[in-house]
Amino acid sequence: MNEQNMNTPLETSEAAPAGGRRGRKAVFTAVTCLVLVGVILLNLLVSVLGLKYIWQIDETQPRFKDNEFTLYTLTDEFRDLMADYTIPAVDAVNADRAAAGLEPIPVKIIFCSERDIVWNNDYARHVLYTALHLEKEFPGYFEVSFINVKQNPSAVQKYKITSSTNIYSSNVIFEFGTEYRVYALDHFFLKSDATSSAPWAYNGELDFSSAILAVTRAESPVAVFTANHGEQLDDIASFRELVHKAGYVVEEIDFEKDPLPENTRLIITYDPQTDFYGYGHMGETGTSEIQKLDDFLDTACSFLLFVDDETPAMPVLEEYMEEWGTVISRVENEETGKADNYTVRDMSQKLDKDGYTLIGQYATDGMGASVTADMRSVSYPAKVVFPHATAIKRADGYSTVYVSAEETSDGVAYSYESYYRNGVSRIFSNVFTSYNTASAEVFGEQYEIATDRNLFRLMTITSEERTVQETNYITTDDRSFVCVCGSTEMASDALLDSATYGNTDVLVACLRYMGRAVVPAHLDLKGFKVYEIDAQYSGLTAKKAVSTTVWLTLIPLLLCTAVGTVITVRRKYK
């Protein structure tokens, strides 16, 4: 009995240290887990707050300084422009809303991807920071939000012109009340030409202010369809509706007899069957429609013309269109005197068995590439279809200007078509061409074969360069545009109502591109001068870079070693 009593305390005393060790181990484990959780939470908190309040540590920032502004900060000129023009416009609208018992509304800047996706894109981040700075600088007047259009496409339905129009994840939408503008990400940057893989400058402030001024002081422009040249306007109900949804008031006029409605900005002639009056060939009123059209295009307006392989010869209109760089490809039979338009055919890039419903090839340089930049920014651009198309030739009065690889910032050569005469400067560009597998038929026989250097033009656009100074802060882009499409069925109801093809997107892009834009003056672009850390201005020399790297590597190691040593010694000698 005594032996048992003597052994009992000994067993108890030996068990106690084991239980203590287990307890300490559990405490250490709990503390480790809490520390890890705390680090994760702190990281999330810093990330969220850093993005919201634009916290930045940018060692490369000094190289962009020019009068103390950088890529990410707003310039004084931009702030003044917003304060002098946008804020009063927003206040005026909200005063009217308050009188009607409605809540005030801000200018909305909507990114079409999740915040993290936008932030992780090197270029989209520039646009995001400009938007966040605006929201911070003018609280209550701007609101930045994010919509994942891939997961929730219905959320951007109201920004689509038609159900088949695409809103891409790279788009940025500016909205105020019922007015909105949809911008592609590429729009905020400058490239030496459309084939460049990377931009050389950020032009965000100019494009932001242009979009914001447009939605806060928008008017309702008028688009007129000419109706006195045999145009079959009843066959293009979907196209007329598309023009209306693009922001135009749509009207029909007899171009010879009727005056143009006030604020007309676009004239559309769809599949004309008779010639225009002008150049001594006058109608019953004695009005020159060509002079009327020319006067119209002198005032920063646009003309959109649809022709095809059966469009009859119109000497008066075609002579005028040559001044804008476009010629309908046509061959005249010397024996009979009859003429026939090119009919473009492609047995490789086609949608029908005969090859007359062909797929167009996107232009990748020049102004035409800018029109379709948004469409081409996706992995698989939508196919654009041109049924029964004729070819458009460049007028002889235009010349090709070549820019060598040595003259470009990215080493890629390109060219453009230009015209300059009597103080008038115009630029002609392809929007769509055939592929090199196409051929052209005349009188039912093959007449010409496309080559890489001689593709058939299916859609072209010409601009006359002009700007007008409105105020000290604002200029208006007063360029005039003439766009010619070599296929009337390209704008048919069947193709525009289809979500399979990109015909709707192309026409929407053209309507937007030809729209008059407000261009703020004195807003400089911000160039990506160098891509490496600039040691001269940041102070990060090669020696300092090595020492900084060594210390950042050694400090965590030394701290861990010291803490481990203390814990080991204390546990051993306790």
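Predicted model: local features only at pLDDT ≥ 70, side-chain atom pairs only at ≥ 80, totals over all residues.

Student: Okay, how many helices and strands are in the protein chain?

Tutor: The protein chain has 14 helices and 29 strands, and of its 574 residues 43% are buried.

Student: And what share of the contacts join residues at least 24 apart?

Tutor: If you take the contacts in the protein chain between residues at least 6 apart in sequence, 71% of them join residues at least 24 apart.

Student: Let's go inside. Which residues have the most contacts within the largest nonpolar core?

Tutor: That core has 50 residues, and those with the most contacts inside it are F239, F306, F386, F432, M459 and L507. Helix α12, residues 503-513, gives the most to this core, with six residues.

Student: Which residues does L507 touch, leaving out those up to four places away in sequence?

Tutor: With those left out, L507 touches F239, L242, F306, M459, M490, A491 and L496. There is also a second, separate core of 35 residues, which includes F142, F174, Y183 and F528.

Student: Switching to sheets, in what order do the strands of the four-stranded open sheet come?

Tutor: The order is β2-β1-β3-β4, with mixed pairing. At the edges are β2 (142-146) and β4 (179-183), each of which pairs on one side only, and neighbouring strands of this sheet are turned by 15 degrees against each other on average, direction ignored.

Student: How many bridges join β3 to β4?

Tutor: Five bridges join strand β3, residues 172-176, to β4, and the two strands run antiparallel; within that pairing, E175 stands opposite Y180 in β4. Helix α5, residues 204-216, packs on the sheet and touches β1 (107-111), β2, β3 and β4, while its direction makes about 155 degrees with that of β4.

Student: And the three-stranded open sheet, what order does that have?

Tutor: The order there is β14-β22-β23, and the pairing is antiparallel. Its edge strands are β14 (343-345) and β23 (445-449), each pairing on one side only, and its neighbouring strands are turned by 40 degrees against each other on average, again ignoring direction. Strand β22, residues 439-442, is joined to β23 by four bridges, and S439 stands opposite I449 in β23.

Student: Last one, the glycine: where does G397 lie?

Tutor: G397 lies in the loop between β18 (392-394) and β19 (399-403).

Student: Why is G397 called partly exposed?

Tutor: G397 counts as partly exposed because its relative accessible area is 41%, and the partly exposed class lies between under 20% for buried and over 50% for exposed. Not counting residues up to four places away in sequence, G397 touches S418, Y419 and R421. Its C-alpha atom is separated by 7.6 Å from that of E323, although G397 and E323 are 74 residues apart along the chain.

Methods. Residues numbered from 1 in each chain as written. Heavy atoms only, no water. Pairing = 2+ DSSP bridges. Axes fitted to C-alpha atoms, helices over the stretch in contact; angles between N-to-C directions. Buried < 20%, exposed > 50% of the residue type's maximum accessible area, 1.4 Å probe, protein only. Contact = heavy atoms within 4.5 Å. Core = buried A, V, L, I, M, F, W, Y, C linked by side-chain atoms within 4.5 Å.
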